[in-house]
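Here are a few exercises to work through with the model open. Try each task before reading its solution.

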Amino acid sequence: MLESKERTVKFNYLMVILFLALSLVAVGIFGSQGRFYSANDLKFHLARIAELVHDLRFHDSFLSPLSFTFFKGTGTAVQIFYPNLTLLPFAFLQLLIKQPIVALYMMLALYSWVGCCLSYFLMLRFTKQNQLQSGLFAVIYNFSLYHTTDLFIRFDLGEWLAMIFLPLVFYGGYQVLAGKWNEWKFGAIGLALVGYSHVLTFALSIGIIMVGWLIGWLLRRPTDLHNRLIAAIEMLGSTFLLTFFEFYPLVRLSLLNNIHFPTRYNLLVSPNGKLPDLNSFLATALSNQLTKNLGIILLLILIGELIMWRMVPQLYRWSWILLVLLVICTTTFFPWQYFQRTPLAVIQFPWRLLTIASFFLALSGSWLFATLFGLITQRWRIKGEKWWGLILMLVVMLPTLSAELLTLNQDKKTDQLVNFNRKSVGTHYWITDQEYQRFVKVSSNTDYYPIKAYSARNSILKRKVLTTKGKLRMSVTKFEHNQMTIELISKSAQTANLPWIKYQGINYQLSVNGRHQQLKTSKRGTFLVKLKRGKNKVSLKVNAFTGQFLAEIITVAASACLLL
């Protein structure tokens, strides 16, 4: 008994090492080039990390609410509307390592390893120590084609990070559904971590969990429904408290300002092309390339489990059915045209559902491959099952690795060193450590501007200081200790229209030459300031939100209670 337990522990250690090796290989395929290739949201998310690095170096808090260093230095609240707590490790590592591209790849590999370990040990708990199935689940999920596409094609870093914590969400949610209500804390922690990473995935996860509870309880008609409802309320209530400090400023600014939110796209057309029909989706899966798909492993799992349907346990049948439904919903087979003006449109792109589909792909696939492996080893009396199991884990990862290599070869042919002399950096480029600092200043994101400021975004992005007598030139720009400082030289006493966005609900303090001025808003939604003739030192101090400290206390208290 002791020897068996010792072997189990040793194998778990081996799995942790294997996950680290696989993470290094998966990230290293691109990382070994010493450059980062173009991706859809690369400028945006790298600018967010760069802003955090600046916060850590020069401010009085970890998370300065406004961006005056990057995003053209306009004071946009993008860091409030886009959660960034899980981005802090990227910023900390960039402080330690002066090569930002190297630091970026290192943290991606580390997060990938954490995701594998988290998935593995949760599945061990769920399957009562089935190490092979748990290992397969961790590999299939964390190295799924869509998860990898999220990183190297889209660079939707928030969604990629949120996916790492989804197994916690679904583990806790399922246990509440199944009647093991004491496990609800896993779901609350998972939802909080998803909320710290990506708002849409957070909302999507809560929606799916609640629908799952409703349908599951209607079908099962449990006698202890009261206890399960209490566990569900505890899970969602704790999530609310754990994320209160994150969402309080977001909700406050949304209510007090007429915000320009990201564009609601036609659900049948995304910026990268039309939503595929079902045949095109399946054909793309066969081609097995990094794209908004699940690859050839999807077809193998769907066909394999269908053939073995009589052997499939009820849980994995439901997993297979949900996988099929989610895949269908990412194609034109689902009538998205009737949902254009419904709350569902907030999803922007139906293929976001592949984040959830990837989970059920791994759940179904891990059972299928582990079961087939057991039947084969038993039929042929194969020895050394654990070692062969490790090889099987490597095999199921091959489709993703081959897709990465194919994409890398294509990037080498089409991409070139970023050219800052062009009006736009384009879509086919790569950057190294030398171009990084200049590249992160390129992002000119205007989402989450107040509508007034969004209408005048061109002049704001060009940082134009407007007066009735012309324009003034800004000099000596400094943003430290949550205070923006500039110098303006005026030929006469006049009122200047600064290119800094003014949000209602944020506590600002404006001063000129050390004297406070009353806050006034210009027609373009920015600050008005009175200047004297000659040199003017203009300072804008950004203070904490009203109620922000209380929100943080609530979250800290909730975290302490949850851990006790």
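**Exercise 1. Work out how helix 14 and helix 16 are oriented to each other.**

Start with the axes: those of helix 14 (residues 296–307) and helix 16 (residues 354–379) come within 10 Å and cross at roughly 60 degrees. Helices here are DSSP runs of H or I with at least four residues, strands are E runs with at least two, and both are numbered from the N terminus. Axes are lines fitted to C-alpha atoms, for helices over the stretch in contact, with angles running from 0 to 180 degrees between N-to-C directions. Now classify: under 35 degrees is roughly parallel, over 145 roughly antiparallel, 65 to 115 roughly perpendicular, and the rest oblique. Helix 14 and helix 16 are therefore oblique to each other.

Next, the hand: helix 14 passes helix 16 in a left-handed crossing (the near helix is turned anticlockwise from the far one by less than a right angle; clockwise would be right-handed).

Finally, look at who touches whom, with contact meaning heavy atoms within 4.5 Å. Helix 14 brings Ile297, Leu298, Leu300, Ile301, Gly304 and Glu305, and helix 16 answers with Leu361, Ser364, Gly365, Trp367, Leu368 and Phe369. Sorted by class, that contact holds eight nonpolar, three polar and one charged residues. (Ala, Val, Leu, Ile, Met, Phe, Trp, Tyr, Cys and Pro count as nonpolar, Asp, Glu, Lys and Arg as charged, and the others, Gly among them, as polar.)

Some ground rules before you go on: this is a predicted model, where local features need pLDDT of at least 70 and side-chain atom pairs count only at pLDDT 80 or more, while totals for chains, interfaces and linings use all residues. Residues are numbered from 1 along each chain as its sequence is written, and side-chain values use heavy atoms, with hydrogens and water left out.

**Exercise 2. Classify the pair helix 11 and helix 21.**

For helix 11 (residues 225–242) and helix 21 (residues 548–563), the axes come within 8 Å and cross at roughly 135 degrees. That makes helix 11 oblique to helix 21. Ser238, Leu241 and Leu242 of helix 11 meet Ile554, Thr555, Ala558, Ser559 and Leu562 of helix 21. The tally for this contact is five nonpolar, three polar and no charged.

**Exercise 3. Trace the partners of strand 14.**

Strands pair if DSSP finds at least two bridges between them. Strand 10 (residues 494–501) runs antiparallel to strand 14 (residues 526–531), joined by five bridges. Asn497 has Leu528 as its bridge partner in strand 14. Now try strand 13 (residues 520–521): it pairs with strand 14 in the antiparallel sense over two bridges. Here Lys520 stands opposite Leu528. In the hairpin of strand 13 and strand 14, four residues lie between the strands, and Gly525 takes a positive phi near 75 degrees.
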